[in-house]
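Have a look at the model first, then read on.

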Amino acid sequence: MTDPVISFDPNTLSPRADHFIKGRRREGGEGAVPVHRPSDGVEIGRLHDAGETIVDEAVGAARDAFRTSGWASAHPLDRAAVLHRWAALVEARTEEIARLESATSTRPIADTLGRDVGRAAGAIRFFAESVDKIEGSVIATAAAANCMVVPEPYGVVASITAWNFPLINAVWKSAPALAAGNAVVLKPSELTPYTAIRIAELAVEAGLPAGLFNVVQGLGATTGSALVRHPDVRKISFTGSTGTGARIMADAAATGTKPLTLELGGKSPQLVLKDVRDLSPVALNVANGFLANAGQVCTAGSRLIVHRSMADELVSRVQALAAARTAGPTWQVETTLSPLVSERQAERIERMIAATVADGASIVSGGTRVSGRNAGAYFEPTILANVAETSVGFREEFFGPVLSVYTYEDEDEAIAMANHPLYALAASLYTDDARKALAIPKRLEAGTVWVNAHGRQPGYAHPQGGFNHSGFGREMGRAGLEGFLRHKTVWLSHG
Ligand code: NAD
């Protein structure tokens with residue numbers, strides 16, 4: 001059922017991983033890092049590592065634009081108007097952006113065209129609508145004084161993103177920061193450097209003063225680190241792995257105690273209670289929960305905890321749904337199982353599975369690459385059982401299509417299993433009992449708890465973020481905007 005209108009030839013695109021500074025694309029930087037297409041491993045370009053010099057130029061441009069453009073001091077409705085035009089431009093170029101994203105990342109064209117670009121435009125619009133709702137407060141004082149708490153932007157915000165949803169990640173990091181009046185320097189992942197520049201270009205086309213949204217390309221250890229350590233950066237917003245988040249905390253602490261928002265990894269449970277009568281919607285949620293984007297989702301529901309009496313039936317339903325997925329290139333509309341981002345990631349997952357099996361786990365299904373493919377890192381939906389708590393398969397994210405199944409007899413035991421000792425990003429609960437649906441989320445340690453659903457729901461107002469090793473701070477919703485504002489206390493004495 002190939003749809004020739006939606007499927008496309010990725011070789012017709014020639015993306016360039018330039019930097020984007022002061023409203024212009026800019027080449028330059030160190031070395032030439034090859035960028036590969038996840039779907040077939042073909043090298044599609046090279047990027048030059050910005051390093052300290054170009055990072056300094058981008059931060060300087062952002063600092064100057066913040067000081068001189070009048071963006072932060074403009075009427076909120078004027079800022080909102082620019083953001084609305086930006087959203088409209090993104091929407092008007094849906095097909096172009098969807099193709100660019102799909103040709104250069106793990107996101108299939110049916111998803112980028114049908115969801116990601118629309119959600120990117122929707123998120124920009126959500127923050128455009130929030131600009132004139134930013135409020136401070138007035139604190140009670142004696143008659144001879146007034147005390148106001150006034151929200152204001154930080155100045156230059158550094159944003160660093162992961163590769164799994166390059167477009168959405170770039171928008172979630174830039175739109176609220178700009179809505180709050182800041183200037184942004186964004187470093188996308190070196191694996192997916194392309195859509196962020198296009199998004200920044202469209203913001204400038206929409207009327208955003210040049211220099212307020214800059215993009216630097218490069219590696220984490222050099223360009224990312226230079227950005228974190230830059231003395232003129234006032235706030236850092238990071239999405240990526242827990243290990244990198246910890247390094248960024250150390251660098252930020254060593255160079256100015258910069259405030260952070262950290263959106264890190266997860267090992268999210270999907271807990272199925274014995275009272276569930278119909279397993280078919282549960283199976284669909286569980287399958288989507290670990291297979292969307294081939295499991296390369298921070299909130300992937302990678303641990304299924306199911307009552308022993310229903311485990312066999314649920315697992316076989318999930319297996320059937322997994323088997324119905326079609327692994328294939330991101331530019332074909334029938335693809336429903338994404339490639340892994342890189343050969344390196346496929347090798348990492350293979351190593352993790354081998355080590356977890358050596359520690360006593362058994363492979364229920366999958367466990368290998370999709371056969372018959374010699375290019376592109378496609379991995380079979382994989383189900384593991386008996387994963388020991390001491391094994392790497394329990395302690396670390398696979399970040400691939402791997403589900404570990406655990407069974408229980410006792411509900412308290414199940415809740416204890418759901419709460420991971422390290423990660424606490426999201427958790428799902430499936431139950432038909434309204435009282436349990438209200439009571440058990442209070443006992444689940446996670447930044448988000450879904451009941452009878454898994455994954456973000458439509459809309460932009462729900463904050464997302466983690467506890468413990470999954471990070472702190474929130475993205476999206478009102479909290480997402482607040483994360484880019486700091487509060488000044490103004491005391492007036494007039495007695
Ligand atoms: P990563 O930590 O390897 O890299 C993320 C970004 O950090 C990249 O741009 C990278 O270049 C940069 N970086 C690396 N070292 C750096 C350093 N020392 N200083 C500054 N920047 C540095 O993560 P990844 O492999 O790109 O992404 C996968 C991870 O992201 C997973 O752990 C996933 O759970 C997490 N993630 C979390 C969320 C969330 O909202 N919680 C969303 C998406 C992805």
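**Notes on the ligand site**

1. Let's start with the neighbours. There are 27 residues around the ligand, and those that come nearest are Thr-161, Glu-190, Ser-241, Thr-244 and Glu-397. Keep in mind that this is a predicted model.

2. Glu-190 has a side-chain N or O atom 2.6 Å from an oxygen atom of the ligand. For Lys-187, a polar side-chain atom sits 2.9 Å from a ligand oxygen, and for Glu-263 the corresponding distance to an oxygen atom of the ligand is 3.1 Å.

3. How much of the ligand does the protein bury? On its own the ligand exposes 850 Å², and 89% of that is buried by the protein.

4. As for which elements build the shell, α7 (220–229), β10 (233–239) and α8 (242–254) each give two or more residues to it. Sorted by class, the shell around the ligand holds 12 polar, 10 nonpolar and 5 charged residues.

5. Where does the ligand lie relative to the domains? It lies between domain 1 (10–264 + 470–491) and domain 2 (269–459), because both give residues to the shell around it.

6. Last, the cysteines. Searching the whole structure turns up 0 disulfides. Cys-147 has a relative accessible area of 6%, so it counts as buried, the cut-off being under 20%. Cys-298, at 23%, is partly exposed.

Technical notes
Residues are numbered from 1 along each chain as its sequence is written. This is a predicted model: local features need pLDDT of at least 70, side-chain atom pairs count only at pLDDT 80 or more; totals for chains, interfaces and linings use all residues. Side-chain values use heavy atoms; hydrogens and water are left out. A residue is near a molecule or strand if one of its heavy atoms lies within 4 Å of it. A polar contact is a pair of N or O atoms within 3.5 Å; within protein, one must be able to donate a hydrogen and the other to accept it, and residues adjacent in sequence count only if both atoms are side-chain atoms. Accessible areas come from the Shrake-Rupley method with a 1.4 Å probe; for residues, only the protein chains shown count as cover. Helices (H or I, at least four residues) and strands (E, at least two) are DSSP runs, numbered from the N terminus. Ala, Val, Leu, Ile, Met, Phe, Trp, Tyr, Cys and Pro count as nonpolar, Asp, Glu, Lys and Arg as charged, and the others, Gly among them, as polar. Domain bounds come from an automatic or database domain assignment. A disulfide is a pair of cysteine sulfur atoms within 2.5 Å. Buried means under 20% relative accessible area, exposed over 50%, partly exposed in between (1.4 Å probe, protein chains only).
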